[in-house]
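Here is my note on the model you sent, point by point. Please keep the structure open while you read.

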Amino acid sequence: MALLDLQNEAVKQLSSYSDNLITATETVIKELRGSRKEDTDELFGLVIQGINWEIEIFNNCEDLINKKEKLIDKSKMAQAVTRLGKVLQEKDDIKIAACLEVDFLPFVRNMKKAAE
């Protein structure tokens, strides 16, 4: 199997995966903003795993994802990851929710767009 075939396969898997990740991210944002539940931390962990997986796909398929138009800016993504690291250290749910909403939801939506 050629590299391009593997990249196409990975990007195809993004579409339905991104739908689920968008829903989970929106849910965790709401919970972090005041309606925290018993499993909010667990859901947050899963959302971060999902975002990491999509970043990994992007890193390995950037040429394919940004082929028609620049959907993802790699430097902005790096800044977003750094910002998330900082707000996680502060343990401030509101700042974490804002970071997810401003930095990562658009990324996941653009990854979905790339998959389609």
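1. E101 and R33 form a salt bridge, and their closest N and O atoms are 2.9 Å apart. E101 sits in helix α4, while R33 sits in the loop between α1 and α2, so this pair ties together parts that are 68 residues apart in sequence. Keep in mind that this is a predicted model.

2. D93 pairs with R36, with 2.8 Å between the closest N and O atoms. D93 belongs to helix α4 and R36 to the loop between α1 and α2, so the bridge ties together parts 57 residues apart in sequence. D93 counts as partly exposed, at 23% relative accessibility. R36 is partly exposed too, with a relative accessible area of 40%.

3. How many salt bridges are there? The count comes to ten. As background, side chains of opposite charge can pair when their charged atoms come close.

4. K112 forms a salt bridge with E116, and the closest N and O atoms are 2.6 Å apart. K112 is buried, because its relative accessible area is 15% and the cut-off for buried is under 20%. E116 counts as exposed, at 65% relative accessibility. D19 joins K112 and E116 in a network of salt bridges.

5. Next, the overall layout. The protein has four helices and zero strands. From the N terminus on, the order is α-α-α-α. Among contacts between residues at least 6 apart in sequence, 70% join residues at least 24 apart.

6. What about the dimensions? The C-alpha trace spans about 45 × 25 × 20 Å along its principal axes. The radius of gyration is 15 Å; a compact globule of 116 residues would have one near 13 Å, so the value agrees.

7. The surface comes next. The accessible surface is about 7,100 Å², and carbon and sulfur atoms account for 51% of that area. Buried residues make up 40% of the 116 residues.

8. Which residues have the most contacts inside the largest nonpolar core? They are I51, I65, L100, F104, F107 and M111, in a core of 35 residues. The elements giving two or more residues to this core are α1 (3-32), α2 (40-65), α3 (74-90) and α4 (93-115). In soluble globular proteins, nonpolar side chains tend to be buried together.

9. Leaving out residues up to four places away in sequence, F104 touches I51, I55, M77, A80, V81, L84 and C99. F104 is one of the core residues with the most contacts inside that core.

10. Finally, check T40. T40 lies in helix α2. T40 is buried, with a relative accessible area of 0%. The side chains of T40 and E31 are joined by a polar contact of 2.5 Å. Apart from neighbours within four places in sequence, T40 is in contact with V28, E31 and L32.

Conventions:
Residues numbered from 1 in each chain as written. Predicted model: local features only at pLDDT ≥ 70, side-chain atom pairs only at ≥ 80, totals over all residues. Heavy atoms only, no water. Core = buried A, V, L, I, M, F, W, Y, C linked by side-chain atoms within 4.5 Å. Buried < 20%, exposed > 50% of the residue type's maximum accessible area, 1.4 Å probe, protein only. Contact = heavy atoms within 4.5 Å. Polar contact = N/O pair within 3.5 Å; in protein donor to acceptor, adjacent residues only side chain to side chain. Rg over C-alpha atoms; globule rule 2.2 N^0.38 Å. Areas by Shrake-Rupley, 256 points an atom, 1.4 Å probe, with all protein chains shown as cover. Salt bridge = Lys/Arg side-chain N within 4 Å of Asp/Glu carboxyl O.
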